[in-house]
Amino acid sequence: MAWLMRISAIMGKELRHLSRDRLTFGMVVMLPLLQLLLFGYAINNNVRDIPVGVVDLAQNSDSRALIAAVKATQVVNLSAAYAGIIDAERAITRGEVRAVLVLPADLAQRLHQPTRTQPAGQWLIDGSDNVIASALLSLRDMPLALRPGLPQVRAIPSFETVLYFNPERRTPVNIVPGLIAVILTMTMILFTATAIVRERERGNLELLITTPVSSLELMLGKIAPYILIGLLQMAIILGLGHVAFDVPINGSLLAIVGATLLFIAASLTLGLMISTSAKTQLQATQMTVFILLPSILLSGFMFPFEGMPAPAQWIAEVLPATHFVRMIRGVVLRDASLADMPLDTVFLCLFTGVGLVAATLKFRKSLD
Amino acid sequence: MSTPAIEARGLTRRFGSYTAVDQLDLRIPRGCIYGFLGPNGSGKSTTIRLLTGLLTPNAGHINILGLELPRQAEALRHRIGYMTQKFSLYGDLTLDENLRFIARIYGLPRARARTRVETLLQRYGLTRHRRQLADTLSGGQRQRLALAAATLHEPELLFLDEPTSAVDPENRRDFWEKLFDLSDAGTTILVSTHYMDEAERCHYLAILEAGRKRADGTPQQLMEDMNANVVEVQGGGQRQLKTELLQLQGVRSVAQLGEQLRVLVDKRIDAPLDWLRANSSLGKDTHTLTLVRPSLEDVFVTCTNNADSAPPAAPVDS
């Protein structure tokens with residue numbers, strides 16, 4: 001039984017290690033909780049309240065009745081009205097709405113024919129997210145029983161649909177740009193988080209502190225090389241995605257690099273903030289996981305943002321990844337410019353600025 | 001040499017409820033090698049960290065090279081060098097890369113940096129290893145590299161925290177030769193150690209214990225001023241004898257060195273040899289007693305109560 005005693009001795013010691021390392025112990029409890037909540041909330045392919053707009057060229061009781069019927073499905077949330085097609089398409093490009101319902105001027109005539117020969121209107125759909133697109137396509141054959149007695153025509157769909165940006169509805173088109181956000185979150189945060197902690201763990205920091213290097217100089221010098229690494233990763237993902245999976249790159253290189261740089265800056269700042277509070281590289285890695293999980297699940301990378309309940313959306317809005325997923329999809333797929341998405345752009349800038357100040361203040365150049 | 005290199009008054013540093021450095025007064029003249037001698041946990045490293053601005057004191061005044069700490073810490077950076085207890089250069093960089101990195105951190109102009117790196121590699125016998133990763137160096141080479149890095153910017157004041165704790169005696173002697181060269185060139189050196197042979201080489205010494213200064217002066221002075229006589233006892237039955245002698249009020253400590261016992265007898269006892277014989281079972285024929293010159297270790301033991309035999313009645317003063 002000596003072997004049993006030896007094993008139990010090691011077991012006892014291991015449990016003691018665990019109980020002393022509060023962060024690891026916290027992970028034991030927090031990880032299942034976090035996962036459960038994230039998955040429970042985030043996985044929702046039954047999307048409701050998709051923001052859409054309307055171009056009502058008919059402007060009569062029929063069009064109003066039809067809009068009310070579309071609203072009643074609860075699939076969409078009619079949040080905006082546009083004067084013409086051009087405005088509507090711009091709104092889709094900017095990501096304000098996921099689709100626009102165009103009701104033609106001759107709507108009454110189309111609806112009141114004894115047998116309907118034409119669709120009543122047209123959906124212009126942003127096809128870059130498949131789940132969203134599927135939900136919207138389900139509206140194509142919604143019954144148009146606006147008034148009792150009107151005949152249903154099965155052969156002719158209620159609405160014509162046009163899928164923009166991804167007409168073949170291929171998954172990689174949506175996944176590949178979003179993947180940039182996930183990969184960059186993973187590497188940028190982890191690299192910077194461990195970089196400073198490593199200097200502290202190995203004792204290099206004790207030497208550096210007695211030299212003329214200032215906190216800000218040390219931080220900037222440490223994160224700068226990772227900017228290049230981040231750009232390289234972005235180039236690999238987009239390049240390979242374009243060649244192997246035929247992902248269209250519609251946006252300008254300038255906008256792509258601009259958006260990526262903003263996100264890299266925000267992620268590196270987040271990594272720095274972790275590095276000032278983590279004591280060991282293991283702790284830094286664990287904290288990174290805490291950021292990474294919601295960044296994958298809540299950012300809209302895997303599951304549509306519109307499908308999540310409000311609290312999950314609030315959490316998502318705090319994460320840089322959510323904003324970047326929106327930006328990079330907009331830029332790469334819809335040829336949006338950064339000016340088209342001012343809120344996301346401003347958020348990433350603010351996040352970086354505030355985070356850098358916070359990290360520098362927290363990282364005091366002493367061993368106290 | 002008007003102002004001292006280091007002047008500290010009432011220096012105190014607490015970690016929670018534990019006081020690591022307690023009301024320490026220091027005055028270290030320029031150009032000397034000053035040693036901190038003390039057991040582990042006596043506050044040597046903490047004091048050095050306070051004096052280099054790595055830690056902020058809870059109380060007390062520090063003036064280094066005429067600058068007030070911690071207020072003027074940044075201005076001091078260029079004028080001091082610090083060699084950490086643990087090797088703190090980069091193991092995955094070569095010697096050349098490490099030294100050039102330090103040179104750039106201190107803002108040495110390119111040409112000056114190049115000649116300094118060459119000079120130091122040469123001086124510390126590392127030229128042959130310059131393209132080697134620092135991790136692959138031996139303990140002695142690594143110490144010399146650390147010293148080279150700490151003196152690259154030619155500091156006026158050099159702090160060395162247990163510089164030779166991982167080094168064999170041969171390398172230690174070698175290392176001290178380099179320190180004397182630096183001292184000769186005018187650098188003030190503050191070194192902490194728990195090795196007696198190392199302490200003996202210092203111009204001045206402070207013996208620290210539990211964050212307090214127990215004694216200071218030149219090693220010679222400390223040995224002369226020691227308030228105990230040293231008696232060497234030769235003969236059989238050392239273990240029993242040791243226990244017996246420790247019972248005596250006037251015996252400060254007894255240490256066994258092979259076949260001998262080294263007994264520290266309070267200086268207030270006039271004829272220690274006779275007194276020992278009179279008060280113990282030491283036989284006239286079986287045991288030889290000799291009065292010998294005190295060593296630094298004896299000073300250390302009397303100062304720090306660190307012997308396994310602190311007699312309750314014997315007062316310790318310095």
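The largest pocket is lined by 26 residues. Nearest its centre lie A:Arg94, A:Gly95, A:Glu96, A:Arg326 and A:Asp344. Three elements of chain A each give two or more residues to this lining: helix H12 (310–318), helix H13 (320–334) and helix H14 (342–362). H13(A) gives the most, with five residues. Helices here are DSSP runs of H or I with at least four residues, strands are runs of E with at least two, and both are numbered from the N terminus.

A pocket is an open set of points on a 1 Å grid over the protein atoms alone, where a 1.4 Å probe fits, with protein on both sides within 12 Å along at least five of seven lines; lining residues have an atom within 4 Å of a point. The volume of the largest pocket is about 580 Å³, counted as the space filled by probe spheres set on points joined across faces, edges and corners. By class, its lining has 12 charged, eight nonpolar and six polar residues. Asp, Glu, Lys and Arg count as charged; Ala, Val, Leu, Ile, Met, Phe, Trp, Tyr, Cys and Pro as nonpolar; the others, Gly among them, as polar.

The model is predicted: local features need pLDDT of at least 70, side-chain atom pairs count only at pLDDT 80 or more, and totals for chains, interfaces and linings use all residues. Residues are numbered from 1 along each chain as its sequence is written, chains are lettered from A and ligands numbered from 1 in the order written, and side-chain values use heavy atoms, without hydrogens and water.

Now take chain A as a whole. It has 14 helices and five strands. Its C-alpha atoms fill a box of roughly 90 × 60 × 35 Å along the principal axes. Of its 368 residues, 49% are buried, meaning under 20% relative accessible area with a 1.4 Å probe, protein chains only.

Turn to chain B. Why is helix H1 (residues 44–51) of chain B largely enclosed by the rest of the structure? Seven of its eight residues are buried, so the rest of the structure largely encloses it. Among them are B:Lys44, B:Ile48 and B:Leu51. B:Gly53 follows H1(B), with a positive phi near 85°.

Further along, B:Leu121 sits in helix H4 (residues 110–123) of chain B. B:Leu121 counts as buried because its relative accessibility is 0%. Leaving out residues up to four places away in sequence, B:Leu121 touches B:Leu95, B:Asp96, B:Leu99, B:Leu126, B:Thr127 and B:Arg130, a contact being heavy atoms within 4.5 Å.

Key:
Buried < 20%, exposed > 50% of the residue type's maximum accessible area, 1.4 Å probe, protein only.
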